[in-house]
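Hi,

Here is the structure I said I would pass on.

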Amino acid sequence: MTNHNALISDAKASIGVAVRVPNQSLFSPGGGRYISIPRKKLVQKLEADPSQTRINTWIEAMRASSPTRTRPGNISSLPESKEDEHSSWMAQHPSALSMFEEIAEASKGKQIIMFLDYDGTLSPIVEDPERAYMSDEMRDAVKGVAKYFPTAIVTGRCRDKVRRFVKLPGLYYAGSHGMDIKGPSKKTKHNKNNKGVLFQAANEFLPMIDQVSKCLVEKIRDVEGASVENNKFCVSVHYRCVDQNDWGLVAEHVTSILSEYPKLRLTQGRKVLEIRPTIKWDKGKALDLLLESLGFANSKNVLPIYIGDDHTDEDAFQVLRKRGEGFGILVSKVPKETSATYSLQEPSEVGEFLRRLVEWKQMSLRGRR
């Protein structure tokens, strides 16, 4: 098996190896790759006034990650320049629903492997992260897909928490951005050797993550609308419900605490700041590891499909681009820079795509008979 700087073992072993890397600043290539500010400009800012500029830079990034959302069907009401931008983006990343036949044609003779983000993909983005429930219709759609294709949920959430949300056995659950992976422990159609895949990339960071989480809970209490979520191998600070005038206070609290932990790094998602270990691991590497554990590491007879809505999903989209096999599907109503091939506008379209995939598979099986 390829060396992934960690171990894959059965469910009884519970072994993981964390990789040490040199100390990095919060904005090193490994730590801030989700910031859209050019590195040269960023370095100049930090040299001028490292502490305050660092906070201001995060505020810029927080604003940049919060574009005005566009309602489906209202594209014609956009300013002409925005309408042209949207049309151009859709030409480059067409709807996976309108291009479904092309996707189905590409999958002929290949095993589809389905990878799904959770928040914003299977469930809508909600103000309270603890109430990000998926609908029964979406659960049925995922259950149907898992019946025919190996299916993994890849999320920044704690693995145990997302499993409680999804409530489906027989799936692969990859929590903490792929740093905590558990496969089905029982024999399934796609897991005939009955080996439970267990991967934990950063066990030695757990005490540190827990300590940072507790410190942030205390610090963030004075910011109305902010919340802290301990996702086991990473900590999420949600500012979706925070007044934009207080975003600077959120950034200040987070960066001040993180400055004391050089082995942790700061990244950003959709209205969330995330603290993670400085190890070279992400959703893209989790995708590679899962393909390998399923026996498709170097196979040409596989078609991975990854659906996600966040910056963190771009690592997986890029892996698929480099493999030259499979498709990334970005869930977004607005144009974004992405390595995904196709797009869907919202979770309801994700559910429709999954149901069409099941229907297509059922028809193809009936045709063989």
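**What I found**

With a relative accessibility of 0%, Y306 counts as buried (that is, under 20% relative accessible area; exposed is over 50% and partly exposed lies in between, with a 1.4 Å probe and protein chains only). Before going on, a word on the source: this is a predicted model, where local features need pLDDT of at least 70 and side-chain atom pairs count only at pLDDT 80 or more, while totals for chains, interfaces and linings use all residues. Residues are numbered from 1 along each chain as its sequence is written, and side-chain values use heavy atoms, with hydrogens and water left out.

**The chain overall**

There are 11 helices and 12 strands in the protein chain; these are DSSP runs numbered from the N terminus, helices being H or I with at least four residues and strands E with at least two. Of the chain's 369 residues, 54% are buried. Take the contacts (heavy atoms within 4.5 Å) between residues at least 6 apart in sequence: 63% of them join residues at least 24 apart.

**Rings**

Back to Y306. Searching the whole structure gives nine aromatic pairs, meaning rings of Phe, Tyr and Trp (its six-membered ring) with centres within 6.5 Å; planes under 30 degrees apart count as stacked, over 60 as edge-to-face and the rest as tilted. One of them is the stacked pair of F115 and Y306, at 6.3 Å centre to centre with 15° between the planes. F115 sits in strand 1 (residues 111-116) and Y306 in strand 10 (residues 302-308), so this pair ties together parts that are 191 residues apart in sequence. F115 counts as buried too, at 1% relative accessibility. Ring pairs also bring in F317, which forms a cluster with F115 and Y306.

**Cores**

F115 turns up again in the largest nonpolar core, which has 59 residues: along with L264, L273 and I275, F115 touches the most other members. (A nonpolar core is a set of buried Ala, Val, Leu, Ile, Met, Phe, Trp, Tyr and Cys residues joined through side-chain atoms within 4.5 Å.) Helix 8 (residues 247-258) supplies the largest share of this core, six residues. Another core lies apart from it, with 39 residues that include I153, V162, V166 and L357.

As for L273, leaving out residues up to four places away in sequence, its contacts include W58, M62, V235, Y239, V250 and L266.

Helix 8 also holds H253, which counts as buried at 9% relative accessibility. Beyond neighbours within four places in sequence, H253 is in contact with L216, K219, I220, D222 and V223.

Strand 11 (residues 327-331) and strand 12 run parallel and are joined by three bridges; V331 has L344 in strand 12 as its bridge partner.

Axes here are lines fitted to C-alpha atoms, for helices over the stretch in contact, and angles run from 0 to 180 degrees between N-to-C directions.

There is also an open sheet of four strands, ordered 6-7-9-8 and paired antiparallel. Strand 6 (227-230) and strand 8 (264-269) are its edges with a single partner strand each, so one side of each has no neighbour in the sheet. Six bridges connect strand 8 with strand 9 (residues 272-277), and the two run antiparallel. In strand 9, R276 stands opposite R265. Helix 7 (residues 206-220) lies across strand 6, strand 7 (235-238), strand 8 and strand 9, at about 165° to strand 6.

**A helix pair**

Helix 9 (residues 283-293) packs on helix 10 (residues 314-323) at about 55°, with axes 6 Å apart. The two are therefore oblique to each other; angles under 35 degrees count as roughly parallel, over 145 as roughly antiparallel, 65 to 115 as roughly perpendicular and the rest as oblique. K283, G284, L287, D288 and L291 in helix 9 meet D315, A316, V319, L320 and R323 in helix 10.

Best wishes

Definitions and conventions
Two strands pair if DSSP finds at least two bridges between them.
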